[in-house]
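Here are my notes on the model, as numbered points. Please keep the structure open while you read.

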Amino acid sequence: MNKRILTILLLVALFNACNSHNTNDGKKIDAINVNDSTKTGVNNLAYKWGKVVLEATARDTEKFKPRPTISSRMLGMVFISIFDAWAHYDEKAIPVYSADIEKRPVTEHTLENKEIAISYAAYRALNEYFYSDSTFFTDFMVDLGLDPKDNSLDPTSPVGIGNLAAKNVIEKRKNDGSNQYGDVPGSDGTPYSDYTNYKPVNTPEKNVDIKRWQPKYFADGKGGFFAPPCLTPYWQNVETFGLESSDQFRPAAPPAIGSEQLKKEVQEVVDLQANLTDEDKALVEFMRDGPKSVQQAGHWLILSQVVSERDQHTLDEDVKMYFYNQTTAMDAFIACWDSKMYYDFARPYALVHDQFASKDITGWAGPEKGMVTLKGEQWRPYSPDVFLCPPFPGYVSGHSSISGACAEALKLFTGSDEFGFEVQLVAGILTEPDHVGDTVTLKFPTFTETGEMAGISRVMGGYHIQADNIEGLVLGRNVAHEVWKKYKYHIGESEKEI
C-alpha cells in the first residue's frame with residue numbers, strides 16, 4: 001500500500017507537518033509580524049500550536065508507552081496556559097490561574113499580541129510537561145520569529161504575559177495529586193508513580209476473584225513477555241477543573257457476577273467479535289488510535305481540529321474550543337478513574353474465560369490465525385500482542401467516558417450536533433497487517449454518534465462489556481455539562497464560578 005495513503009488513513013497526517021513546522025499546503029509558517037484577518041482554520045496560530053501538541057503527545061507515547069490519564073492532564077495544562085495568556089487580551093475572559101495579573105487595555109487586543117502571548121505560554125508549558133522534546137518546540141518558536149530565550153515576566157508585554165501564564169499554571173498544579181515529580185509520600189520517587197499502594201487481588205497467573213481486575217501478559221516485541229502494572233491507580237485523587245469531586249457522577253455498581261445481565265453482556269462481547277465485519281474492525285482500530293497514538297484526549301483534539309477546519313475558526317474560537325474540550329477530557333479521565341478504582345471490576349478477557357471455560361466458541365485467535373473455534377479460556381480481545389488489553393480495571397470504559405464527554409463538549413460549543421466527518425481505513429491494518437480486509441469509509445454524522453461509536457468499538461474489540469460503555473457515556477456527558485458551567489464563567493458569560 002502507498003505509504004502516504006496509509007499515513008493519511010491513520011490520521012497521522014493531521015500532525016505530521018509539525019515535524020517540519022510547515023503548514024498543510026507546504027508553505028513555511030509566517031513569522032508573527034502581521035495582523036492578518038485571514039488567519040482562520042488551519043492558518044490560525046492556535047490551530048498550529050494544537051498540531052505541535054499532538055506531535056508532542058505522539059512522541060510521548062513512543063517514549064513512555066500509552067498513558068492516557070497522564071497525557072490528558074498534560075494536554076489540559078497546556079491549553080489552560082494558552083487560554084490564560086489569551087484571556088488577558090479579551091474584554092470578558094477570566095484567566096484560571098493568572099486572574100491577579102491586570103488585563104491589557106482594549107487597544108492592545110490585537111491578533112499579533114494574542115499570537116505572541118499564546119506562543120510563549122504554549123512553549124513554556126510544553127517544555128514543562130513534554131520536557132524531552134524541547135528542541136522541537138524551540139525550532140517551532142524560531143520559525144515563528146520568536147526568541148525562545150526571552151524569559152521576560154513583564155505583565156505589560158505579550159511575551160511576559162505568556163511566560164507568566166504558563167508559570168502560574170505550572171506552580172499552582174505542582175501538588176494536584178498527579179505526582180508529576182514523584183515526590184508524593186508513599187510513591188517510589190519516579191514521576192507519576194503510585195502512592196496509594198494499590199495491589200491487584202489477582203495475578204497474571206491466577207484469578208482468585210473473578211469480579212476484580214486481573215493483569216495480563218503483553219508481548220514486549222523482543223520475544224519476551226511482561227505484565228504491566230495498573231496505570232495510575234491514584235488518578236481519582238487528581239485535582240479536577242470543573243467537577244466538585246472525582247466521585248460527583250460515580251455510577252451505580254456494575255452487573256453482579258452470576259447475574260443474567262452480566263451473562264448476557266459477556267455473551268454479547270463474544271458474539272460481536274465472532275461476527276466482526278471489515279467496517280467493525282476499522283472502527284475498533286480507528287478508536288484505538290495509532291500508530292503514533294495521541295490517546296483519547298489527543299484523539300478528540302484531532303477531531304476538534306476537524307471542526308476548526310470545517311468552520312474556519314479564528315484564533316479566539318480555537319483557544320476557547322481547545323480549552324473547553326481538553327479540560328473536559330481531563331476531568332472525564334479523573335471521574336472515570338474514580339469508578340475504575342472504586343469498583344476494581346474485571347474486563348471481558350477474564351469474564352469470557354470464566355463464563356465459557358471448556359466450551360467451544362468462535363473467537364479471534366491472533367494476527368496469524370484469524371477467527372477460529374477455540375475454548376473459552378483461549379479467547380482474547382481483537383488487539384495486538386504488544387497491547388493485549390488495557391492495564392487497569394474495566395468499569396467504566398475510558399473511551400466511552402472521554403468520547404461521551406468530548407462529543408458533548410463539541411456539541412455544546414458549536415451549538416449543533418452536526419459533525420459530518422468521515423475517514424477511510426484499511427480494516428485490520430493495525431491488528432493483523434498480513435491479513436487486512438477491504439478499505440472502508442467510516443462516517444461520523446453527529447458528535448453524539450461519534451462518541452457512541454467510540455464506546456461500542458470497545459465492546460466490539462473485547463475490552464469492555466456493554467455496561468462499561470453505557471455508563472461511561474453517561475458519566476462523560478455529565479462531566480461535559482458540569483465543566484461547561486466553569487467554561488462559561490471563564491469566558492465571561494456567567495457571573496458565578498462553580
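1. Start with Trp379. Its side chain makes a polar contact with the side chain of Gln273, at 3.1 Å. A polar contact here is a pair of N or O atoms within 3.5 Å; within protein, one must be able to donate a hydrogen and the other to accept it, and residues adjacent in sequence count only if both atoms are side-chain atoms.

2. A word on the basis. This is a predicted model, in which local features need pLDDT of at least 70, side-chain atom pairs count only at pLDDT 80 or more, and totals for chains, interfaces and linings use all residues. Residues are numbered from 1 along each chain as its sequence is written, and side-chain values use heavy atoms, with hydrogens and water left out.

3. Where does Trp379 sit? It is in the loop between strand S4 (371-375) and helix H13, which spans residues 398-414. Helices (H or I, at least four residues) and strands (E, at least two) are DSSP runs, numbered from the N terminus. Trp379 counts as buried because its relative accessible area is 0%. Buried means under 20% relative accessible area, exposed over 50%, partly exposed in between (1.4 Å probe, protein chains only). Not counting residues up to four places away in sequence, Trp379 touches residues including Val269, Pro348, Tyr349, Leu374 and Gly462. Contact means heavy atoms within 4.5 Å.

4. Next, Ser403, in H13. It is buried, because its relative accessibility is 2%. A polar atom of its side chain lies 2.8 Å from the backbone oxygen of His399. Beyond four places in sequence, Ser403 touches Trp300, Gly398, Gly451 and Ala454.

5. Helix H9 (residues 278-288) has nine of its eleven residues buried, so it is largely enclosed by the rest of the structure. Leu283, Phe286 and Met287 are among the buried ones. Their cover includes helix H10 (295-311), H13, strand S5 (418-426), strand S6 (439-446) and helix H14 (447-460). After H9 comes Asp289, with a positive phi near 80°.

6. Now the cores. A nonpolar core is a set of buried Ala, Val, Leu, Ile, Met, Phe, Trp, Tyr and Cys residues joined through side-chain atoms within 4.5 Å. The largest has 130 residues, and Phe444 is one of those touching the most other members. Helix H11 (residues 315-343) gives the largest share of this core, 16 residues. Apart from it lies another core, of six residues, including Ala85 and Tyr89.

7. Last, Phe444 itself. Leaving aside neighbours within four places in sequence, its contacts include Leu283, Phe286, Met287, Phe419 and Met453.
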